[in-house]
Amino acid sequence: MPRYLRYLSFCYRAVLRLYPADLRLPYGDEMTMAFQQFVRDEYARAGVRGIARASGYAFREFFTVALPRHLMSDWLIAASLSLVITSGVLGSLVGIMTERNPIVHPNQPVVNLCR
């Protein structure tokens, strides 16, 4: 195996670790072999530019396949909803606590601290 192919395969394997496990575990070896064949073909066809093109396709694939799969995970959706709900509750509590005209007992004098 040529040195450039070993290096690119190593890099591709490293990026493949960022893919979701349900995609990476069953298809990781096949994806690596397909990438290696693609790099070989592109190198034979266009030389160094072909290698750059193949690497660019692999890089783009991460953003079009792996990242959307991560964004659709149940864990991420639950964490996002939790963040939104918690922020809303906290914002409401801060708004109530900093209200300019607080509710006071009728017999208690009102002290205006905001002058």
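## A tour of the aromatic pairs and the core

Start by selecting F38, which counts as partly exposed at 28% relative accessibility (buried means under 20% relative accessible area, exposed over 50%, and partly exposed in between, with a 1.4 Å probe and protein chains only). Before going on, note that this is a predicted model, in which local features need pLDDT of at least 70 and side-chain atom pairs count only at pLDDT 80 or more, while totals for chains, interfaces and linings use all residues. Residues are numbered from 1 along each chain as its sequence is written, and side-chain values use heavy atoms, with hydrogens and water left out.

**Rings.** A pair of aromatic rings is described by the distance of the centres and the angle of the planes. Here, rings of Phe, Tyr and Trp (its six-membered ring) pair if their centres lie within 6.5 Å; planes under 30 degrees apart count as stacked, over 60 as edge-to-face and the rest as tilted. That rule gives five aromatic pairs. Select Y12 and F35 next: their ring centres are 4.4 Å apart and their planes are at 5 degrees, so this pair is stacked. Y12 sits in helix α1 (residues 3-16) and F35 in helix α2, 23 residues apart, so to speak a link between distant parts of the chain. Helices are DSSP runs (H or I, at least four residues), and strands (E) need at least two; both are numbered from the N terminus. Both Y12 and F35 are buried.

F38 lies in helix α2 and Y57 in helix α3 (residues 48-71), so the pair ties together parts that are 19 residues apart in sequence. Y57 is partly exposed, with a relative accessible area of 38%. For one more ring stop, select Y19, F59, F62 and F63, which ring pairs link into a cluster.

**Core.** Show L8, Y12, L16, Y19, M31, F35 and V39: these have the most contacts inside the largest nonpolar core, which has 14 residues. Such a core is a set of buried Ala, Val, Leu, Ile, Met, Phe, Trp, Tyr and Cys residues joined through side-chain atoms within 4.5 Å. Helices α1, α2 and α3 are the elements that give two or more residues to this core, and α3 gives the most, with five residues. Centre the view on Y12: leaving aside neighbours within four places in sequence, Y12 is in contact (heavy atoms within 4.5 Å) with M31, T32, F35, A58 and E61.

**Last stop.** Select E42, found in helix α2 (residues 21-46). E42 is buried, with a relative accessible area of 7%. The side chain of E42 makes a polar contact with the side chain of R45 at 3.2 Å (a pair of N or O atoms within 3.5 Å; within protein, one must be able to donate a hydrogen and the other to accept it, and residues adjacent in sequence count only if both atoms are side-chain atoms). Beyond neighbours within four places in sequence, E42 is in contact with G47, G50, I51, R53 and A54.
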